[in-house]
Amino acid sequence: MLTVQQAVFTVESLIGKVQQQKQLIHQLVQENEHLRHENKQLRKENEQLRYRVQELEARTKKNSSNSHLPPSSDRFHTHSSRKPSGNKPGGQEGHQGTTLRQVEHPHHRVVHRVHTCQGCGSSLREVKPFKVDIRQVFDVPPVAIEVTQHEREVKSCPHCRCVQQAEFPSHVTNHVQYGPRLTALVVYLHHIQLIPYKRLSDTIEALYQHSISTGTLANMVKRGREALESNMDVIEDALLESNILHVDETSLRINGKLAWVHVACTSKYTYLAPHVSHGKKATDDIGILPRYQGTMMHDGFVTYTKYTQAIHALCHAHHLRELKGFIEQGHIWASRMTTFLLAAKQAVEAHHGALSEEEAKRWERVYDRILERAQHRLETATPLPKKALAFVRRLQKRKEEALRFLREVHVPFDNNQAERDLRIVKVKENISGTFREETFAQSFCITRSIISTLTKHEKNVWNSLCLLLTGETLDRVLSTT
């Protein structure tokens, strides 16, 4: 049996141990809370880092097919967004092909006569042929530079002694010079076929046995630009009168420095202009957008939205590329919006360019529903996908501009017209790398604007260029049949 003293000692010992256990438990609870808090912080940081890694990976995967980046920025080959048609390569059934056929009136005739019989050796010179086989050869005749001498008469009137002289043609200005057709050839090969000056010099010498220095070729291109520049006013006036105007811009290097080429165009006219600025200063200096009051189709670049006197429409080709990028990141709503846009495009085409008001409102409701659900899902996601959410909010805010193609026949689904007209700028840059002077870039843009306009009007580029370089005006060239 324990004595009272031993019992008290035992109780006190147990109380002490309980106190120690309580302190230990309290300490462990605090440590556990600290670890829980630290673990929560680490989880949050890990989630942020995972999102950041995903964002960086998505950035490295961006190309012209899933973002707003131009094709020239692609480091590797990207697959076209077009779906395979399933047709075999080559001409399709019912296609109106072109075949080389014999002509009724050839330029030259060469008769191959039979003079002697191979059987008995008799002469056949006086024997008439009972059959003539015909074969025609299409070829290029020998070419050479011709020199035309212009002689101007100077006479003195025998009655009043007044001296009179005839007038030279307007394009004949010097004692010795190259003519408009050769100038047109140089402009055509340099600005249209994109042949550099040195190779162009070699080509002319090989074809025409005539040597022209690269400096002279550059001066000929400059004179061509001076002859064509006044015709840009015709294009500008036509663009200002159009009910739809496609606008875009792309980068270009001039003298090794970054510059920009801006385009304003329609299905019939093209206006290209270089400028050192990317934004509103450039478009103000060029002068078309501040005066345009029709519908302006573009990719949503903020500069264009500042021209409030115009109506705006957004390019869905850009949206589809951005949506493809979001789909690759796992956003389900982006796939639904892609399906919606392509289906709406098909519906408009089936209704010959515009839907009825009731049908358009039905499509609008579907548009709103997709974006509302996407916004709710993105706003509750952790971490917040800022770029995707900004894209959704932009489509909500600019709904009228995005869906203008549903109701208005003249408003297309995309801005591909402007992108096509700008593509030659990147081709030129890939060949030449840079323009040495701004005047060379201006010359290129003016010539390409004229050529693109002629092509859109289905005019013979070579013949039209020759006429323009002899002083004919663009509006008269376009009006001729």
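Q: Two strands count as paired if DSSP finds at least two bridges between them. In which sense do S3 and S6 pair?
A: The model is predicted. Strand S3 covers residues 244-254, and strand S6 covers residues 295-298. Three bridges link S3 and S6, and the sense of their pairing is parallel.

Q: Which residue stands opposite Thr295 of S6, and which residue is the bridge partner of Thr295 in S7?
A: Strand S6 is joined to S3 by three bridges and to strand S7 (residues 311-314) by four bridges, running parallel to S7. Thr295 takes part in both pairings: its counterpart opposite S6 is Ile244, and its bridge partner in S7 is Ile311.

Q: Are the residues on the two faces of strand S6 buried or exposed?
A: In a regular strand, side chains alternate between the two faces of the sheet. In S6, Thr295 and Met297 lie on one side, with Met296 and His298 on the other. Both faces are covered, and these four residues are all buried.

Q: How many of the six residues of strand S5 are buried?
A: Thr270, Leu272 and Pro274 point one way from S5, while Tyr271, Ala273 and His275 point the other way. Residues on both sides are buried, so the strand, residues 270-275, is largely enclosed by the rest of the structure. The number of buried residues is six.

Q: Which residue of S5 is the bridge partner of Ala264?
A: Strand S4 (residues 257-265) runs antiparallel to S5, and six bridges join the two. A hairpin of four residues connects S4 to S5. Within this pairing, the partner of Ala264 in S5 is Tyr271.

Q: Which elements give two or more residues to the lining of the largest cavity?
A: The structure holds one cavity of 30 Å³ or more, and the largest cavity has a volume of about 100 Å³. Its lining comprises 14 residues, of which His262, Val263, Ala264, Ile286 and Leu289 lie nearest its centre. The elements that supply two or more of the lining residues are S3, S4, S5 and helix H6 (280-286).

Q: How many residues of the lining of the largest cavity are charged?
A: The lining of the largest cavity consists of 14 residues. By class, ten are nonpolar and three are polar, and the number of charged residues is one.

Q: What is the volume of the second largest pocket?
A: This pocket is lined by 30 residues, and those nearest its centre are Val110, Val111, His112, Val132 and Asp133. The lining divides into 15 nonpolar, six polar and nine charged residues. The volume of the second largest pocket is about 1,400 Å³.

Q: What is the phi value of Arg161?
A: Arg161 lies in the loop between strand S1 (154-156) and strand S2 (163-165). Its relative accessibility is 63%, over the 50% cut-off, so Arg161 counts as exposed. Its phi is positive, in a residue other than glycine, and lies near 65°.

Q: What is the phi value of Asn255?
A: Asn255 is found in the loop between S3 and S4. With 55% relative accessibility, Asn255 counts as exposed. Although Asn255 is not a glycine, its phi is positive, at about 55°.

Q: Which residue has its backbone oxygen 2.6 Å from a polar atom of the side chain of Ser449?
A: Ser449 lies in helix H14 (residues 438-456). Its relative accessible area is 0%, so Ser449 counts as buried. The backbone oxygen that lies 2.6 Å from a polar atom of its side chain belongs to Cys445.

Terms used. Residues are numbered from 1 along each chain as its sequence is written. This is a predicted model: local features need pLDDT of at least 70, side-chain atom pairs count only at pLDDT 80 or more; totals for chains, interfaces and linings use all residues. Side-chain values use heavy atoms; hydrogens and water are left out. Buried means under 20% relative accessible area, exposed over 50%, partly exposed in between (1.4 Å probe, protein chains only). On a 1 Å grid over the protein atoms alone, a cavity is a set of points where a 1.4 Å probe fits but cannot get out, and a pocket is an open set with protein on both sides within 12 Å along at least five of seven lines; lining residues have an atom within 4 Å of a point. Grid points are joined across faces, edges and corners, and a volume is the space filled by probe spheres set on the points. Ala, Val, Leu, Ile, Met, Phe, Trp, Tyr, Cys and Pro count as nonpolar, Asp, Glu, Lys and Arg as charged, and the others, Gly among them, as polar. A polar contact is a pair of N or O atoms within 3.5 Å; within protein, one must be able to donate a hydrogen and the other to accept it, and residues adjacent in sequence count only if both atoms are side-chain atoms.
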